[in-house]
Amino acid sequence: MRFIHLADVHLGAVPDRGCPWSKEREEEIWNTFRRVIAGIRQDPVDLLFISGDLFHRQPLMRELKEVNYLFSTIPDTRVYLMAGNHDFISRDSFYNTFEWNSNVTFFKNRELTYVKDSKLDVYVYGLSYYDREIKEGLYDKASPIQEEGIHILLAHGGDEKHIPLSAASLAAAGFDYIALGHIHKPQILIRDQAAFSGALEPIDRNDTGDHGYMEGRLINGRIRTEFVPFACRSYQQLILTLHEETTQISLEEAVKSQIFRRGGRNIYRIILQGMRSPDLLLIPEKLKNLGNITDVIDESWPAYDLSELYKRYSGTLIGDYIGYFLSKGELDTVEKKALYYGLQALLETGSRR
């Protein structure tokens, strides 16, 4: 037996709305899901599990038809899915009346139910969200029925507002595998027994790192799983260390070099650190024009020699200002910003007199 476990596809999402690449990202989410189905057609699996949030919001009828058509192209694969907190079953949801293909099982109940796949001797358990938030630990007392076979639970949650999960309870429940959704970063909760597959494609700038799905196989009576990276691009942090010789142009060249090395399709958050020359005028907008860059965060500091400046400006407002901060000892981030930004303003004001 072989299966694919994915979750949090979020069809219909528009990541980084307003950025030049946002419309392309919306299409990529659909295309990556289609690539999963195409891969199953070429290399069939027995089971496909979708652990909630297939859609980013209430699905349109035409979207359900599109997805159902894709499932019809893999007739030898049994598909099991549930509604999560984003695509929960509202009163007027098309989920209520939609008729799925014969190879698809949609867990429409509020309570945990199960379906037996007699061909594979597999029992699959699941439920669906009927509200955006469910604060009860619905899976805490979940356990498989006392029947021989493989028992697999589809579950969506993991925080206080979306079905809190207890790793200890899940480990003790007795399921052979728990296919988890809701947490967007891939995460092994219990090796070969419980895992968040993560979002198929990263949905926002906090979804850093690899994204894809879990693939599982039944080997000698036990399930073995591995994560399969599958997203077409990723969000990455690009940390650059500045020094006193750094210039705007050299910084731009460093950014271009890193983006070329890591991949031009990826989406970056640039973080500047280190000690830069006090007379360096950083222009973040120029950096943002070098690629798919969401933010430029400046955590660098001007390389002032505070002791030398304190002596030079002793008895003046600038000297008193530096002395106040030196007397405080180690400074936190807010105090550092106050010191360096204030000092720069005072020095620039003084230089114009």
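Mentor: The sulfur of Cys232 lies 16 Å from the closest cysteine sulfur, that of Cys19, which is too far for a bond. The structure accordingly holds zero disulfides (a disulfide being a pair of cysteine sulfur atoms within 2.5 Å). Cys232 is partly exposed, with a relative accessible area of 28% (buried is under 20%, exposed over 50% and partly exposed in between, with a 1.4 Å probe and protein chains only).

The model is a predicted one, in which local features need pLDDT of at least 70 and side-chain atom pairs count only at pLDDT 80 or more, whereas totals for chains, interfaces and linings use all residues. Residues are numbered from 1 along each chain as its sequence is written, and side-chain values use heavy atoms, with hydrogens and water left out.

H1 covers residues 22-42 (helices, H or I, of at least four residues and strands, E, of at least two are DSSP runs numbered from the N terminus). Its 21 residues reach 30 Å from the first C-alpha to the last, close to the 30 Å expected (1.5 Å times one less than the number of residues). Buried residues of H1 include Glu26, Trp30, Phe33 and Ile37. The buried residues of this helix pack against strands S1 (2-6), S2 (47-50), S11 (212-219), S13 (235-242) and S14 (267-276), and against helix H2 (61-72) (contact means heavy atoms within 4.5 Å).

As for Trp100, its contacts beyond four places in sequence are Leu64, Val67, Asn68, Phe71, Leu81, Tyr95 and Phe106.

A pocket here is an open set of points on a 1 Å grid over the protein atoms alone, where a 1.4 Å probe fits, with protein on both sides within 12 Å along at least five of seven lines; lining residues have an atom within 4 Å of a point. Thirteen residues line the pocket, and Glu26, Trp30, Arg62, Glu63 and Glu66 lie nearest its centre. H1 and H2 each supply at least two residues of this lining, and H1 gives the most, with six.

Two loop residues deserve attention for their backbone. Most residues other than glycine have a negative phi. His10, in the loop between S1 and H1, has a positive phi near 60 degrees, and this residue is buried, with a relative accessible area of 1%. Asp53, in the loop between S2 and H2, has a positive phi near 55 degrees and is buried, with a relative accessible area of 0%.
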